[in-house]
Amino acid sequence: MPRRALTGNEAMAEAMRQINPDVVAAYPITPATEIVQIFASFVSDGLVTTQFIPTESEHSAISACVGASAAGARVMTGTSSQGLALMHEVLYQAAGLRAPIVICEVNRSLSAPINIHCDHSDTMGSKEAGWIQIYAEDSQDAYDSVIQAIRIAETVFLPTMVSTDGFIISHCMQGVEILEDKQVQDFIGPHRSAYSLFGGAPITVGPLDLQDYYFEHRRQLMEAMNTSLTTLDAVNKEFKQKFGRGYDIIEEYKTEDADHIVMAMGSTCGTAKVAIDKMRAKGVKVGLIKLHVFRPFPHEQLKKALSKAKFVTVLDRSDTASSMGGPIFVETRAALYDQMPKILFADYIYGLGGRDIDIEEIATVIEKGEKMKLQGKVEKPLDYIGLRE
Amino acid sequence: MSDIFEVRWHGRGGQGAKTAALLFGDAIMSTGKYFQAFPEYGPERMGAPVQAFNRSSAEPITMHCGIKEPKVVVILDPTLMETQPVTEGLKADGIILVNTNASADSLRQKLKLKNQKICTVDASGISRELLGKELPNTPMLGALVRVTDVIGIDDLIKFVEKTLGKKFKGKPEVIKGNIDSIRRAYNEVKVTDGGGK
């Protein structure tokens with residue numbers, strides 16, 4: 001398969017070109033601007049047949065996406081940070097209307113103070129919106145996951161966002177294996193939606209739904225979310241079988257004999273793998289769980305994967321403002337409640353606003369975890385990496 | 001991990017430090033190796049000090065942390081040596097490659113370097129002569145290939161010919177100018193080993 005030198009943004013734009021969606025409506029925002037900028041050049045060069053709608057804000061962009069999706073179109077957009085936050089109310093509408101829109105998202109912190117660099121606060125702000133959330137580790141993962149996301153969204157009729165770490169991946173060039181256009185088209189197949197305004201018999205989309213049925217419709221949305229794990233798994237298996245690579249919902253790295261597990265999402269997983277190798281060379285039985293999918297939360301998979309763990313070090317690139325730790329920590333602990341107190345947990349908030357995290361820092365918290373594991377006690381369940389105060 | 005080769009580029013916005021890093025990375029890939037190329041993450045401003053980075057390895061590279069201890073530092077604009085910490089983290093057995101006419105001895109004194117290899121080439125002069133403008137980044141690639149063993153000069157030239165061939169189809173003089181400037185810098189770069197080695 002040919003490898004091309006692409007940044008995360010270029011890889012996502014290339015996936016969009018090969019998908020050739022019917023409609024893309026977007027508004028630019030750093031560090032996701034390039035995705036839509038490159039895609040706009042595909043439109044003007046006639047490489048895609050997409051109807052491109054440049055809007056005056058992200059709120060309008062996602063609104064246009066919802067309208068186009070209701071009309072039966074395959075729809076995509078790209079955004080980041082404040083842009084995703086401005087989309088917030090419409091994200092719930094897309095999910096509630098079961099519109100299988102795919103967002104190429106680039107993770108960036110939220111203001112204030114203003115900052116253009118990576119953390120996961122933006123997508124974590126919409127984790128309750130009813131969107132599937134996939135966190136890519138690198139450009140290859142981003143490219144492959146965007147293609148898979150179309151199949152997933154249009155099978156379970158749930159909108160899906162695939163995100164990369166802002167600048168760290170969005171602007172980092174690496175070799176990316178690119179499929180042939182036909183392979184991508186064959187894999188995603190023709191567009192499927194739950195309904196269409198132009199499907200024949202007239203329908204109403206988004207009418208008032210009060211005490212009589214709102215409850216059922218929202219529960220069905222949650223049910224779709226729960227069962228989508230099966231689809232996520234099946235689509236990935238098919239992708240792996242056809243193209244020789246894939247991304248499990250949770251990727252386990254050197255966990256077979258590990259009683260100490262590190263958990264992370266996004267680009268940090270790659271850095272953590274090097275730290276794990278380093279600690280293993282010193283005889284520490286530590287492994288990594290890369291959470292590739294955060295929504296739906298893969299609680300059953302995690303219960304199984306952590307069943308032999310004595311200590312879990314969680315790396316969270318956002319906080320919940322609950323004083324209980326970051327979202328990965330809070331949700332994993334909840335999932336593992338029945339198994340506690342056998343498993344000890346420590347959470348580390350790191351990398352807010354793009355603060356770098358290196359191999360040594362991860363190795364250091366693994367060492368700290370080893371000590372706590374031996375003592376059988378967690379001194380500080382919530383701590384920070386790389387904080388200067 | 002130990003076989004990962006890391007480079008830090010120093011330039012000014014508009015000088016092509018980022019482009020050079022991307023080209024170098026792409027050229028590394030053309031030889032079958034793995035690479036990363038990334039700019040210093042921040043707003044782009046013409047003339048302001050900027051950095052760009054490369055990683056190269058025979059194996060896939062998974063780490064995504066910043067580069068703190070580069071094996072090689074490339075300086076596109078020598079005035080940056082006055083204001084920027086250009087030698088920060090440079091490995092003790094590292095290489096510093098500067099676009100300058102100044103002598104290696106004067107640079108060793110100015111930058112307080114010990115055993116690192118100092119390499120100099122007048123990339124600006126070469127680019128003015130062969131490309132008709134101040135574009136030191138392409139010739140510096142030729143010099144970089146000479147002083148390291150990541151890829152060969154023929155690999156680089158083959159790659160640049162192919163890449164520029166697509167971009168400047170109707171302008172063979174641009175392609176020739178770039179290739180000539182790469183060869184010239186490759187041939188003219190002066191290498192001075194550190195004392196005590």
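1. A:Arg98 of this predicted model has a relative accessibility of 23%, and because that value falls between the 20% and 50% limits, the residue counts as partly exposed. A:Arg98 sits in the loop of chain A that runs between α5 (88–96) and β5 (102–107), and its phi is positive, at about 55 degrees, although the residue is not a glycine. Most residues other than glycine have a negative phi, and most peptide bonds are trans.

2. A positive phi in a residue other than glycine is also found at A:Ser323, where the angle is near 65 degrees. A:Ser323 belongs to the loop between β13 (311–316) and α12 (327–335) of chain A, and with a relative accessibility of 68% it counts as exposed.

3. Two cis peptide bonds deserve a look during any check of the backbone geometry. One runs from A:Thr30 to A:Pro31, with omega near -5 degrees, and A:Pro31 lies in the loop between β2 (23–26) and α2 (33–44) of chain A. Another joins A:Arg295 and A:Pro296, with omega at about -5 degrees, and A:Pro296 is placed in the loop between β12 (293–295) and α11 (299–305) of chain A.

4. Leaving aside residues up to four places away in sequence, A:Met1 touches A:Glu177, A:Ile178, A:Leu179, A:Phe243 and A:Arg245. Between A:Met1 and A:Val286, which are 285 residues apart in sequence, the C-alpha to C-alpha distance is 34 Å.

5. Turning to the overall fold, chain A contains 13 helices and 15 strands. Its radius of gyration is 21 Å, close to the 21 Å that the globule rule gives for 389 residues, so chain A is as compact as a globular protein of that length. The C-alpha trace of chain A spans about 65 × 55 × 45 Å along its principal axes, and buried residues account for 57% of the 389 residues in the chain. Of the contacts in chain A between residues at least 6 apart in sequence, 81% join residues that are at least 24 apart.

6. Chain A is divided into domain 1 (3–243) and domain 2 (250–385), and the contact between them takes 26 residues from domain 1 of chain A and 26 residues from domain 2 of chain A. The centres of the two domains of chain A, taken over C-alpha atoms, are separated by 28 Å.

7. The second largest pocket has a volume of about 690 Å³, and of the 28 residues that line it, the closest to its centre are A:Asp356, B:Phe53, B:Gly66, B:Ile67 and B:Lys68. Domain 1 (3–243) and domain 2 (250–385) of chain A both give residues to the lining of this pocket, so it lies between them. In chain B, β1 (5–12), β2 (34–39) and β3 (49–57) each supply at least two residues of the lining of the second largest pocket. By residue class, the lining of this pocket comprises 12 nonpolar, 9 polar and 7 charged residues.

Note on methods
Residues numbered from 1 in each chain as written. Chains lettered and ligands numbered in written order. Predicted model: local features only at pLDDT ≥ 70, side-chain atom pairs only at ≥ 80, totals over all residues. Heavy atoms only, no water. 1 Å grid on protein atoms, 1.4 Å probe; cavity = no way out; pocket = protein on both sides within 12 Å on 5 of 7 lines; lining within 4 Å. Points joined across faces, edges and corners; volume = space filled by probe spheres on them. Helix = DSSP H or I, 4+ residues; strand = E, 2+ residues; numbered from the N terminus. Nonpolar A, V, L, I, M, F, W, Y, C, P; charged D, E, K, R; others polar. Domains from an automatic or database assignment. Rg over C-alpha atoms; globule rule 2.2 N^0.38 Å. Buried < 20%, exposed > 50% of the residue type's maximum accessible area, 1.4 Å probe, protein only. Contact = heavy atoms within 4.5 Å.
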